[in-house]
Amino acid sequence: MTAMWSSIIGLILLLLPLAPSSSSYIKYQLGGEVYPTGRFFVVMKIGEPLTPYYLDIDTGSNVTWLECYHPVHGCHGSPGVTQFYKPALGNLRVDCKDPFCAALHADLRGTNPQCTREDPHQCHYEVGYVDGESEGVLSNDTVSLAEGNNRPMVFGCGYNQRPANPSQPPNQTPVNGVLGLANGTVGFAAQLKKQGVITKNVIGHCLGMTGGGYLFIGDYKFPPNGIIWVPMRKYEPFYSPGQATVHLDGQQIYANGMSAVFDSGATYTYMPSRIYNPLVAKVVDLLAGAAEPAKDDPTLPHCWKKPKSIESFDDVKNTFKQLELRFGNNIVMKIPAKKYLILSKYKNFCLGILNGSDLGQDQRIIIGDITMQDMLVVYDNERGMMGWVHRPCTTPRL
């Protein structure tokens, strides 16, 4: 099978939501992987006429938005993106005094929207991410949830993207926007519930270790066996099980706990420098004599040459020790080495935990995709609970 036909078949599969047994949930197949793609995404048909777009699934964002060509402001898109959503002015008539606009701003930063003289009938927003910011206005347009199930949805026309590091090369697989799955009142799942598409605001994802996986929204009957449930921290704009301490090879890295959040929009896991620096030092100490630093590998800040004792990625546990996040009530998330390392294109092992303080993330641990691989994670916004269980996530492919 040629590469072209493989790509076409892959797109067709992603465009087909996995058929539910009832109308109470929607399930999507995911594309992408941690490395080298750097994201997990769904393909959704949006607009008139319906057009497929790649959306990064993001449990750290309440705003669903597309890279957009605004009829007045034009577009300042992300590097590498070539396809843009092009709404008519009529689609952008979500007034800045509309209750939806007020709810969006409450979700984002607890403030009221500011109506501008230039766009009094548009709802302007700005949203920040680990790797940059997006600016836009709300649009009301058609979204296809499944074949024949088209719904009016409100989402962002993101016409100005500002990367945190403009000199960084573009992602190898740029997406067209973000599917906002956080626990706000105007997120994608909240809109689906308000329209009666789903009966419960429950979100779950399973990110495949070798790529792919699945996302569900609604009352999906997932196997409950083995899931570790914890209360979600109240009044947080993120999915957080509360404070966590970091342990490597059984040794606590930093004396105090720190708020931890689950963010599927972050490729890697981030820790503030007061945890990150001693963690790296401990990793280096444990590797003494077992693995040599690969200082010429630019993939990530810390890489090591592949020891001869490691024949496959599953063997990294013999050299790199297990990491743990310990929460209250003796709840432990075990993170084996293959969930914090990548194998770079230079055949070196690189640490997929980064210094959050370098990006202004100095007050929390961000649990990214790398750590959530082959793990079913469920966010039950009805019960205020979240849970996880380690299990294979890859969905069958043709």
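Are Cys68 and Cys157 buried or exposed? I looked them up in this predicted model. Both are buried.

**Cys68–Cys157.** I checked the sulfurs next and found them 2.0 Å apart, a disulfide. The torsion about the S-S bond is -80°, a left-handed link. The bond ties together distant parts of the chain, 89 residues apart. I placed Cys68 in the loop between strand E5 (65-67) and helix H2 (99-109), and Cys157 in strand E8 (residues 149-163).

**Whole-structure search.** I then searched the whole structure for disulfides and got four. I note two further ones here, Cys206–Cys393 and Cys303–Cys350.

**Cys206–Cys393.** The S to S distance is 2.0 Å. I read a torsion of about -65° about the S-S bond, so this disulfide is left-handed. Cys206 sits in strand E10 (residues 202-207), and Cys393 lies in the segment after strand E25 (385-390). The pair is 187 residues apart and links distant parts of the chain. Cys206 has 0% relative accessibility, so I count Cys206 as buried. Cys393 is buried too, with a relative accessible area of 2%.

**Cys303–Cys350.** Again I found S to S at 2.0 Å. With 105° about the S-S bond, this link is right-handed. Cys303 is in strand E17 (residues 303-305) and Cys350 in strand E21 (residues 348-351), 47 residues apart. Both cysteines are buried.

Technical notes:
Residues numbered from 1 in each chain as written. Predicted model: local features only at pLDDT ≥ 70, side-chain atom pairs only at ≥ 80, totals over all residues. Heavy atoms only, no water. Disulfide = S-S within 2.5 Å. Helix = DSSP H or I, 4+ residues; strand = E, 2+ residues; numbered from the N terminus. Buried < 20%, exposed > 50% of the residue type's maximum accessible area, 1.4 Å probe, protein only.
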